[in-house]
Amino acid sequence: MQDEYPSFPGFENVSLEDSYVLDIVVHPAVLTLKLDVLLLPGHPEHQAPAPGERACFRQATIVFASVRDLHWTGQNVIKPAIDASGSADYGSVDSLTRVDSSYKILGDWGEINLQSDSPSLSIDPAPTLDPNETA
């Protein structure tokens with residue numbers, strides 16, 4: 001059976017296709033993707049876009065734990081894009097699907113196929129405005 005990421009618990013009301021991959025880290029038994037994730041209006045953490053932003057983006061992490069098998073192809077194509085502020089990103093997550101106990105993740109950085117526990121998505125706390133700063 002194949003499922004797309006919006007049906008995964010915790011992935012509701014996010015758009016990985018419109019998010020930015022900031023880093024991909026592989027450790028024994030763990031795969032981590034660090035993102036600047038786009039939160040859609042139905043997400044409980046959604047807020048009005050920050051000044052200068054087109055939508056509500058938040059730092060987030062996707063973790064695949066208990067990785068039993070991992071194959072990453074296309075790594076030689078990784079070239080980060082640098083934006084006007086000097087920040088680097090590796091494009092978006094074009095797709096994240098589950099087929100039985102395996103996951104397939106596609107993006108500009110290649111293709112990762114893995115067997116693991118279900119992924120978890122954690123959203124970093126919203127930045128707070130310093131009371132000494134003006135909005």
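This is a predicted model: local features need pLDDT of at least 70, side-chain atom pairs count only at pLDDT 80 or more; totals for chains, interfaces and linings use all residues.
Okay, let's start with Thr32, which sits in strand 3, residues 30–39. Strands here are DSSP runs of E, at least two residues, numbered from the N terminus. Residues are numbered from 1 along each chain as its sequence is written, and side-chain values use heavy atoms, with hydrogens and water left out.

Back to Thr32: is this residue buried or exposed? Thr32 has 13% relative accessibility, so it counts as buried; that means under 20% relative accessible area, with exposed over 50% and partly exposed in between, using a 1.4 Å probe and protein chains only. Setting aside residues up to four places away in sequence, Thr32 touches Asp23, Ile24, Val25, Thr61, Ile62 and Val63, where contact means heavy atoms within 4.5 Å.

Now the aromatic rings. Rings of Phe, Tyr and Trp (its six-membered ring) pair if their centres lie within 6.5 Å; planes under 30 degrees apart are stacked, over 60 edge-to-face, and the rest tilted. That rule gives 4 aromatic pairs. Take Phe8 and Phe11: their ring centres are 5.7 Å apart and their planes at 85°, so they're edge-to-face. Phe8 is buried at 2% relative accessibility, and Phe11 is buried at 0%.

Then there's Tyr20 with Phe57, a tilted pair, 5.8 Å centre to centre with 40° between the planes. This pair links distant parts of the chain, strand 2 (residues 14–27) and strand 4 (residues 57–65), 37 residues apart.

Finally, ring pairs join Phe8, Phe11, Phe64 and Tyr103 into a cluster.

Technical notes
Helices (H or I, at least four residues) and strands (E, at least two) are DSSP runs, numbered from the N terminus.
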